[in-house]
Each structure stands twice: as structure tokens, then as C-alpha cells.
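These notebook entries record what I looked up in one structure. They are written for a reader who is new to it.

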Amino acid sequence: MELGQVNTLEILRETDHGIYLIDAEDNEVLLPNRYVPQSFKIWDKIDVFVYLDNEERPVASTDIPYIKKGEFALLRCNQVTDFGAFLDWGLVKELFCPFKEQAFPLKSGGWYLVHCYLDEKTERLVASSKTNRFLDNKVLTVEQFEEVDVIVSHPSDIGWNVIVNKKHIGLIYKDNIFKDISVGDQLKGIVKKIRPGNKLDISLEKIGFRNIEPNAQRILQELEDNSGYIKLTDKSNPEAIKHSLQMSKKSFKKAIGSLYKNRQIEIKTDGIYLL
């Protein structure tokens with residue numbers, strides 16, 4: 001069985017404290033009474049999350065935490081002690097973040113993007129807000145124009161740093177952001193460009209012709225929601241387009257051009273009309 005992950009185990013026996021589960025290598029772990037299902041049979045299979053309890057013993061839970069080993073997530077700091085910070089990850093025992101793993105001092109009540117990993121010295125699951133050290137762009141596993149999973153990491157002077165597919169670090173430039181985003185947001189993105197040094201430029205919009213269809217659908221939906229009319233044209237201010245449709249003016253013009261060509265809309269001086 002693997003600490004920090006969901007394991008599928010078999011029910012071995014029942015005790016006063018709960019039921020013992022066993023894996024294929026005969027390793028046993030206790031599932032405390034509070035998590036035991038109302039009805040079960042010996043040798044039934046059950047999915048559980050395995051971690052160490054307060055006495056450093058492996059224990060199972062049917063509650064699945066907000067973050068598992070190898071993942072990134074935005075977690076709330078419950079308390080800070082002389083030993084470090086303790087984070088709420090959805091389990092009875094809080095997730096520990098040592099001072100040495102804090103990019104800056106964590107404060108009680110604050111929300112922080114962290115990475116969960118197994119400390120080899122203590123064999124405990126711990127958190128680190130030094131997320132960049134768990135990312136590597138030396139060997140990329142993504143290609144240009146590929147759709148990727150993105151987690152918003154932290155702002156910079158030119159945009160937002162993001163975690164790409166839980167493996168790499170990327171950047172979304174300010175002029176490519178057309179909706180409000182915050183640290184910890186999980187989004188879909190596109191690899192817009194791979195620059196020298198394997199630096200990844202990420203876009204939240206699809207690139208070129210790939211972007212026309214979804215943006216066209218968004219405009220059609222906006223028209224249907226507003227009785228077939230929106231007060232925007234190809235002459236509209238980019239900020240007005242961004243505010244109404246969360247897209248760039250360039251993407252907007254491509255999309256309405258496609259809709260006009262397909263005779264789905266009519267463009268007049270006062271706005272766009274649904275046909």
C-alpha cells in the first residue's frame with residue numbers, strides 16, 4: 001500500500017477498534033470505526049486513503065483529502081506553532097508544513113498553494129509552499145498547441161506563473177488574461193509557445209483557428225441570453241469585449257467573422273444581432 005494515495009484493499013478482520021485491511025503483499029492497516037461502512041463482508045474490497053496517525057502508525061480513511069502525495073492544492077492554514085504550520089486538508093490529522101518548507105511565513109487563517117510529498121527522513125506526508133522546487137522544465141512532456149492542466153501559482157510583473165500538468169512551470173502574460181484568476185485556480189490552458197530554455201508560454205484561449213469555434217459558441221450563447229442582441233461590434237473597445245465575453249478583441253473579431261460567414265449573425269453599427 002502507498003502512503004498519501006488512495007489504495008484498494010481487502011477487508012481482513014473486524015476488531016473493537018475497527019476493521020483491518022490488507023494489500024497484495026500482506027501489509028495490514030486499520031480502518032477506524034468512524035470510517036467502517038454499515039454493512040460489509042470479509043474480503044470485500046474498499047478504497048481508502050492511507051497516511052500516518054498522530055503516533056506515526058499507518059491508518060486508513062474513507063475520507064479523501066483535498067491533496068494527495070505529488071499534488072498541488074490551495075489549503076487553509078489552521079494554526080502556526082513553534083514547530084511549523086498545520087494545514088486543513090480534509091482529514092482529522094492536519095497536514096504539517098515545516099518552517100524550512102515555507103516560501104514565506106505562513107499565517108493562521110491564510111490560504112496557501114502547497115505541494116504534498118513524502119519526507120524520506122520521517123516517512124511523513126508534509127506540505128511545502130516552495131512549489132517551484134517540485135517543477136522541472138529540463139525535459140518537457142508537452143508540445144506547442146497542446147491542451148494542458150494549469151494551476152495558478154503566483155503573480156509576476158508580466159503576468160501569472162502557473163503549474164503545467166503538475167510537472168512544469170509556465171507563464172501567462174497579462175495581455176493574454178481576459179478573466180479574473182487567483183492563486184490555486186485550476187484551469188485548462190494551451191501551450192502557446194516554447195521559448196529557449198524550455199520556457200512555456202501558456203494561453204487560456206485556444207490558438208489561431210482552434211480558437212474560433214469555442215469563442216463563436218460563447219458569442220452565440222451570449223446572444224441567446226440577451227434576446228438576440230449584444231452591444232458590441234468590431235469597433236468596440238477591447239476592454240468592453242473583455243468585460244462582456246472574457247476574450248481578446250482579436251479572438252472576438254475572428255469569432256464574429258466566422259459567425260457572419262455562416263450567416264448566423266448580422267453586424268450593425270449599434271451591435272450584433274442573432275439571425
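The entries below go through the structure topic by topic.

**Entry 1. Kind of model.** I noted at the outset that this is a predicted model.

**Entry 2. The largest nonpolar core.** I looked up which residues have the most contacts inside the largest nonpolar core, and found Ile67, Leu75, Leu87, Trp89 and Leu95. This core has 19 residues. I then listed the elements that give two or more residues to the core: strand S4 (45–52), strand S6 (72–80), strand S7 (84–88), S8, S9 and strand S10 (124–128). Trp89 touches Phe49, Tyr51, Pro65, Tyr66, Ile67, Leu75, Glu94, Leu95 and Leu125.

**Entry 3. Glu101.** Where does Glu101 lie? I found Glu101 in the loop between strand S8 (95–98) and strand S9 (111–119). Is Glu101 buried or exposed? Its relative accessible area is 7%, which is under the 20% cut-off, so I recorded Glu101 as buried. I next looked for polar partners of the Glu101 side chain. Another, at 2.8 Å, links it to the side chain of Arg133. Beyond its neighbours within four places in sequence, Glu101 is in contact with Tyr117, Ala127, Ser128, Ser129, Lys130 and Arg133.

**Entry 4. The barrel.** In what order do the strands of the barrel run? I read the order as S11-S12-S13-S15-S14, five strands that close into a barrel with mixed pairing. Ignoring direction, I found neighbouring strands of this sheet turned by 50° against each other on average.

**Entry 5. The open sheet.** I then turned to an open sheet of three strands, with the order S16-S18-S17 and antiparallel pairing. Its edge strands are strand S16 (229–230) and strand S17 (265–268), each of which pairs on one side only. S16 is joined to strand S18 (residues 271–274) by two bridges, and these strands run antiparallel. In this pair I found Ile230 opposite Ile272 of S18. Between S17 and S18, also antiparallel, I noted four bridges. The bridge partner of Ile265 in S18 is Leu274. S17 and S18 form a hairpin, with two residues between them. Across S17 and S18 lies helix H3 (residues 249–261), which runs at about 120° to S17.

**Entry 6. Leu223.** I located Leu223 in helix H1 (residues 212–225). Its relative accessible area is 0%, so I recorded Leu223 as buried. Apart from neighbours within four places in sequence, Leu223 is in contact with Gly228, Tyr229, Ile230, Ile265, Ile272 and Leu274. I also looked up the separation of Leu223 and Glu71, which are 152 residues apart along the chain: their C-alpha atoms are separated by 40 Å.

**Entry 7. The ends of helix H2.** Which residue caps the N-terminal end of helix H2 (residues 238–245)? I found that Asn237 does, with a side-chain oxygen 2.7 Å from the backbone nitrogen of Glu239. Just after H2, I noted that Gln246 takes a positive phi of about 55°.

Terms used
Residues are numbered from 1 along each chain as its sequence is written. This is a predicted model: local features need pLDDT of at least 70, side-chain atom pairs count only at pLDDT 80 or more; totals for chains, interfaces and linings use all residues. Side-chain values use heavy atoms; hydrogens and water are left out. Buried means under 20% relative accessible area, exposed over 50%, partly exposed in between (1.4 Å probe, protein chains only). A polar contact is a pair of N or O atoms within 3.5 Å; within protein, one must be able to donate a hydrogen and the other to accept it, and residues adjacent in sequence count only if both atoms are side-chain atoms. Contact means heavy atoms within 4.5 Å. Two strands pair if DSSP finds at least two bridges between them. Axes are lines fitted to C-alpha atoms, for helices over the stretch in contact, and angles run from 0 to 180 degrees between N-to-C directions. A nonpolar core is a set of buried Ala, Val, Leu, Ile, Met, Phe, Trp, Tyr and Cys residues joined through side-chain atoms within 4.5 Å.
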